[in-house]
Amino acid sequence: MHGRPRNVLKEEDTAALSAKAEKLRLLQSHFLANHHNRIYTKEALEENAKLLENNPEWHTAWNYRKLAVESFLTDSHSDPETVKSVLDEELRVVENALRKNFKSYGAWHHRKWVLSKGHSSIDKELRLLAAFQKADARNFHAWNYRRFVTTLMKIPDEEELKYTEEVIGANFSNYSAWHNRSILLSNLLKRKAEGYFPKEIVLEGEFELVHNAIFTDPDDQSGWFYHLWLIDQMVKIDAPLLVSSWPSHGLNITLQGNKCLHGSGLSVLNSTLPNTGTLPIILYFNQAVEGIDSSTVNVKSELLNGDLVWKPLSTNNSNNAQVWVAYLNIGNLDVQRSKTYVIEINLGHSKGIVSSNGYDYGHASRVTFELCIQSAYTESVEQQDGKITSEIDHIPTTSGRCEEAIVNEISQFRDLLSEIDCKIGKLTLARLLTALDSMPSPRANNMVHTEEILQLYDDLMRLDPTHYLYYKDEHSLVLLRQITSSRESLLPYCYYKKDATEAVPGYVCLRLQNLSLSRMGSIENLLWVQMLDLSHNQLRSIEGLEAMQLLSCLNLSHNKLGSFNALGPLRLIKSLKVLDISYNEIGSHTIDTRRYLCSSPLCHTEEFAWDQFETLTDSIHISAAKFWEPFLIFQSMKLTQLDIKGNAVADEIFGSFIIRVLPTLKWLDEEDLS
């Protein structure tokens with residue numbers, strides 16, 4: 001393991017190992033019998049201790065000791081001194097086990113459990129840690145335990161921060177020390193401890209510290225990872241912000257006599273919205289938040305006669321989501337024709353909206369749009385220019401000091417890369433340039449470095465094929481950010497579709513095909529899109545599309561979607577009618593590896609109509625194990641057209657199955673079902 005050569009064992013060594021294995025099997029047999037019969041005698045615990053000293057990784061053996069201690073502590077005759085003696089014995093057993101393997105998860109966890117009881121002295125813990133960290137200064141388990149102990153001992157974070165600096169000074173190739181420093185510094189910055197505010201000044205000092213490591217040995221990655229963390233701290237805005245909405249600020253929406261919706265304003269082009277009689281209102285934040293309801297989001301309009309119900313657009317049934325939606329049922333409203341209704345959305349005026357990191361939404365935001373009822377179509381005379389995203393009142397900007405720090409870092413890394421060809425240096429430069437372009441600064445020239453960033457990722461894909469997919473994803477995100485950054489950059493990808501018989505405007509189709517995209521991004525700029533062509537790309541995931549609540553037609557053909565699980569976000573789009581997933585890789589893989597690498601919407605919390613599913617599978621004599629995923633994905637959808645040909649799963653049996661699951665379906669693989 002880890003490049004260590006295996007030596008051929010001598011005959012006497014083999015005999016010794018066999019005897020040791022036999023002794024260990026006997027200990028295991030006795031232990032399991034004691035565990036099964038709940039025997040917690042002194043002799044049983046001594047045998048267990050011998051077992052753990054030989055095999056510290058057996059979690060069941062550690063759990064047995066916890067049960068034994070709990071059984072003893074519930075004994076009413078136990079005096080404090082005896083309790084302390086029992087727990088001290090547990091600490092001794094752990095210490096012996098750690099001397100056998102000081103990277104044992106079970107041993108470190110058991111030691112934490114014993115100390116958390118509060119009956120043991122913690123005075124010797126730092127000395128014990130010093131001994132283990134002397135043997136291996138980068139032992140991640142020991143550093144994790146150190147944070148636990150220093151919290152118990154109430155050692156200030158400032159003092160521990162100095163300790164990490166001493167360790168890094170002795171050996172800057174200590175990733176665990178850098179990681180511990182990031183945790184300590186995060187705590188100090190979050191509570192604005194004395195000497196650690198403003199954060200820009202603190203982070204500038206950290207950049208100087210990490211430069212010593214990076215420029216001394218560019219091939220050592222420990223300092224690089226800490227530098228990447230510093231970039232994120234420098235540019236991120238801790239508090240949640242509303243960055244986009246639909247309808248966008250200033251949008252004018254016209255409801256025709258036939259209940260079609262026509263929009264003008266900050267959308268790229270005028271367009272007809274789906275004939276559903278339902279208007280989605282979408283709030284898109286810069287990070288996941290909770291607490292969106294009528295008490296935190298105030299919607300004002302004479303059109304409304306009650307509170308809107310807000311729902312998180314989350315594929316894992318979480319109440320924490322980056323995108324929230326409420327549906328305005330226009331078909332049930334008593335409205336006057338030719339009258340314009342103003343709808344105003346205010347948030348941030350009261351507490352309750354909180355990010356997953358515990359930060360409050362404290363910045364007042366306002367979005368206003370107009371809704372008008374017409375008996376016939378009239379062309380809108382007002383067509384505003386500007387960004388596609390909503391105009392939120394005064395989005396906070398980063399300080400000039402942050403911008404100057406990033407510019408300085410860019411200059412230094414350009415110099416470094418002019419002397420050596422360093423892969424992680426190229427990645428860091430790409431992230432620095434991306435951070436500079438993404439800064440909400442009045443002085444920043446957004447997207448000016450896009451071509452250089454794309455070239456850096458192209459170089460990295462060539463130089464480092466092991467991480468090709470990661471670089472490809474980052475390349476895709478940068479490209480989409482460039483395309484969606486303004487009206488001018490987006491217009492070449494828009495196709496205006498209008499039937500010659502239509503009396504009202506048609507749809508705008510956004511064509512993003514043949515761009516070699518492997519991941520979707522910049523969705524906050526695409527909330528207005530109704531028809532989206534993503535064909536002939538390399539998409540393995542469509543995470544984020546659930547925010548596009550106006551989407552009625554989606555082309556995902558000729559991509560690399562490997563399972564129905566990847567289509568989970570589409571279940572949250574009520575307006576979707578036409579879906580093309582032909583020529584992907586659905587059914588080609590016996591195991592859906594994405595389920596184990598990414599968060600899956602197909603979890604046990606999903607509502608699943610088992611009775612309906614079993615009746616359906618029994619009626620057409622198909623395998624339930626093979627078809628439960630497509631049933632879960634499609635059962636709640638109202639598709640009228642579906643193309644799935646070119647996938648391994650697409651056969652006659654599946655066609656028969658999907659027709660029954662989707663009673664609204666009129667076309668399947670270009671065949672008229674009527």
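Biologist: Which helices are among what covers the buried residues of helix 5?
Modeller: This is a predicted model, where local features need pLDDT of at least 70, side-chain atom pairs count only at pLDDT 80 or more, and totals for chains, interfaces and linings use all residues. Residues are numbered from 1 along each chain as its sequence is written, and side-chain values use heavy atoms, leaving out hydrogens and water. Helices (H or I, at least four residues) and strands (E, at least two) are DSSP runs, numbered from the N terminus. The cover of the buried residues of helix 5 includes helix 3, helix 4 (80-100), helix 6 (125-135) and helix 7 (140-152).

Biologist: How many residues of helix 5 are buried?
Modeller: Buried means under 20% relative accessible area, exposed means over 50%, and partly exposed lies in between (1.4 Å probe, protein chains only). Trp-108, His-110 and Arg-111 are among the buried residues of helix 5. Helix 5 (residues 105-115) is largely enclosed by the rest of the structure, because its buried residues number eight of the 11.

Biologist: What is the angle between helix 2 and helix 3?
Modeller: Axes are lines fitted to C-alpha atoms, for helices over the stretch in contact, and angles run from 0 to 180 degrees between N-to-C directions. The axes of helix 2 (residues 42-54) and helix 3 (residues 59-73) lie 10 Å apart. The helices pack at an angle of about 150°.

Biologist: Are helix 2 and helix 3 roughly parallel or roughly antiparallel?
Modeller: Under 35 degrees counts as roughly parallel, over 145 as roughly antiparallel, 65 to 115 as roughly perpendicular, and the rest as oblique. The angle here is about 150°. So helix 2 and helix 3 are roughly antiparallel.

Biologist: Is the crossing of helix 2 and helix 3 left-handed or right-handed, and which residues of helix 3 make the contact?
Modeller: A crossing is left-handed if the near helix is turned anticlockwise from the far one by less than a right angle, and right-handed if clockwise. The crossing of helix 2 and helix 3 is left-handed. Contact means heavy atoms within 4.5 Å.

Biologist: Which residues of helix 7 meet helix 9?
Modeller: The axes of helix 7 and helix 9 (residues 175-190) come within 10 Å and cross at roughly 25°. The two are therefore roughly parallel, and their crossing is right-handed. Helix 9 brings Ser-176, Ala-177, His-179, Asn-180 and Ile-183, and they meet Phe-140, Trp-143 and Arg-147.

Biologist: How far apart are the end C-alpha atoms of helix 13?
Modeller: The expected span of a helix is 1.5 Å times one less than its number of residues. Helix 13 (residues 423-438) has 16 residues, so it should span 22 Å. The modelled distance agrees, at 23 Å.

Biologist: Is Lys-426 buried or exposed?
Modeller: Lys-426 is found in helix 13, where 13 of the 16 residues are buried. Leaving aside neighbours within four places in sequence, Lys-426 is in contact with Leu-417, Asp-421, Leu-456, Asp-459, Leu-460 and Leu-463. Its relative accessible area is 14%, so Lys-426 is buried.

Biologist: Which residue in strand 8 stands opposite Pro-280?
Modeller: Two strands pair if DSSP finds at least two bridges between them. Strand 5 (residues 278-290) and strand 8 (residues 321-329) pair in the antiparallel sense over eight bridges. Opposite Pro-280 stands Tyr-327.

Biologist: Which residue in strand 8 is the bridge partner of Lys-311?
Modeller: Strand 7 (residues 311-312) runs antiparallel to strand 8, with two bridges joining them. The partner of Lys-311 is Val-325.

Biologist: What is omega for the cis peptide bond between Trp-246 and Pro-247?
Modeller: Pro-247 is in the loop between strand 1 (242-246) and strand 2 (252-255). For the cis bond from Trp-246 to Pro-247, omega is near -5°.

Biologist: What is the relative accessibility of His-558?
Modeller: His-558 is in the loop between strand 15 (553-555) and strand 16 (578-580). Its phi is positive, near 55°, in a residue other than glycine. His-558 counts as partly exposed because its relative accessibility is 33%.

Biologist: What share of the chain is buried?
Modeller: The chain holds 20 helices and 19 strands. Of its 674 residues, the buried share is 48%.
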